[in-house]
Amino acid sequence: MKSDSPFVPYLATLQDSIDLTPDVRLFRIEIDDPEVRANFDYSPGQFIFVSAFGTGESPFGLTSVAYRKGPLEVAVRKVGTVTGSLHELEPGAAVGVRGPFGNHFPLDEFKGKNVHIIGGGIGFAPLRPVILTILDHRADYGELLIINGARTPQDLVFASEFDTWAGSPKTKLELTVDAGDKSWTGRVALIPSVVKELNLSPDNAVAVICGPPIMIHFTLIELKKLGFGDNQIVTTLEGKMKCGLGKCARCNVGEKYICKDGPVFTLEQISKLLEQF
Ligand SMILES: Cc1cc2nc3c(=O)[nH]c(=O)nc-3n(C[C@H](O)[C@H](O)[C@H](O)COP(=O)(O)OP(=O)(O)OC[C@H]3O[C@@H](n4cnc5c(N)ncnc54)[C@H](O)[C@@H]3O)c2cc1C
Ligand code: FES
């Protein structure tokens, strides 16, 4: 069924889902209407609402890239009612999709620069399409450093892709956990400490950060100490959302709506927004 209202979800089908961690599952979703599916264009950083019929809908960052023409992919952490219902669904189940919503990471502005990708926990999910875009257009960008952190080794998302990323040209992958286990031989450190230890260079560079607010807060402090300017730091804001369209005023920060003007902002833009309070 084709939807003429942005409030009415497109009917879609869950192709399959795979466990990324004990509480995060990757959902591959195909919109049923072939015309809508073919025209559903989106960019890294944008999000969709996915409905579990009979329960409700929630926003999720897209982890796929549109130019690969595959299904829509979202990584969903099970935290409550809607996410719990989505985790119960079997392949072939009907779901709803609204979107795509929001702005996107300014990948054109990243061209020719070194890109530091810094993600923690489920916050790493919307960074995957940034990584895929850079790796698929490798000559357009400088060095790529990926820092992926989680509470435990089992909580690191997209582990099956680590070897590919680490083996790509001009690319370095740093994994870190808050607490290791017997089999973990990698770093045991919080992300801000890793940023400090690696002594990230701000020269011709941009840092892209997603994760829990506490991680973002302390990572920003380290990046500022290393000399990164506010316009060299890009992050995402989250908020309670209902419409995704800038209509319901659930997600505003000052005069901006996170759902429409964001969720991607430079630190420079966020600082200006906070001045309004
Ligand atoms: C733009 C945007 C992109 C997002 N992308 C992702 C994503 O890629 N993957 C993912 O797993 N989640 C993502 N989220 C968060 C996701 O939307 C919420 O976890 C989800 O709406 C919770 O719904 P629920 O009914 O399962 O939980 P509820 O039953 O409503 O709540 C359960 C618990 O989760 C908390 N909670 C509810 N909403 C949020 C929220 N927005 N952020 C943090 N905690 C929340 C509640 O306070 C409560 O403690 C995103 C949110 C936004 C706004
Ligand atoms: S979610 Fe309604 S205004 Fe942003």
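**Notes on the hairpin and the domain interface**

1. Strand β3 (residues 47-52) and strand β4 (residues 56-61) run antiparallel and are joined by six bridges. Strands here are DSSP runs of E with at least two residues, numbered from the N terminus, and two strands pair if DSSP finds at least two bridges between them. Ala52 stands opposite Gly56 in β4. Three residues separate the strands of this hairpin, and Gly54 in the turn has a positive phi of about 90 degrees.

2. A word on conventions: this is a predicted model, in which local features need pLDDT of at least 70 and side-chain atom pairs count only at pLDDT 80 or more, while totals for chains, interfaces and linings use all residues. Residues are numbered from 1 along each chain as its sequence is written, and side-chain values use heavy atoms, without hydrogens and water.

3. The domain assignment (automatic or from a database) gives domain 1 (10-101) and domain 2 (107-236). Their C-alpha centres lie 24 Å apart. In contact (heavy atoms within 4.5 Å) are 16 residues of domain 1 and 17 residues of domain 2.

4. About 1,300 Å² is buried between the two domains, with carbon and sulfur atoms giving 63%; this is accessible area (1.4 Å probe) lost on putting the parts together, summed over both. In domain 1, Pro44, Thr63 and Tyr67 lose the most area to domain 2, together 33% of what that side buries.

5. Three salt bridges are counted between the domains, a salt bridge being a side-chain nitrogen of Lys or Arg within 4 Å of a carboxyl oxygen of Asp or Glu. Arg128 and Glu73 meet through their side chains in a salt bridge (2.6 Å, N to O).

Conventions: Chains are lettered from A and ligands numbered from 1 in the order in which they are written. Helices (H or I, at least four residues) and strands (E, at least two) are DSSP runs, numbered from the N terminus.
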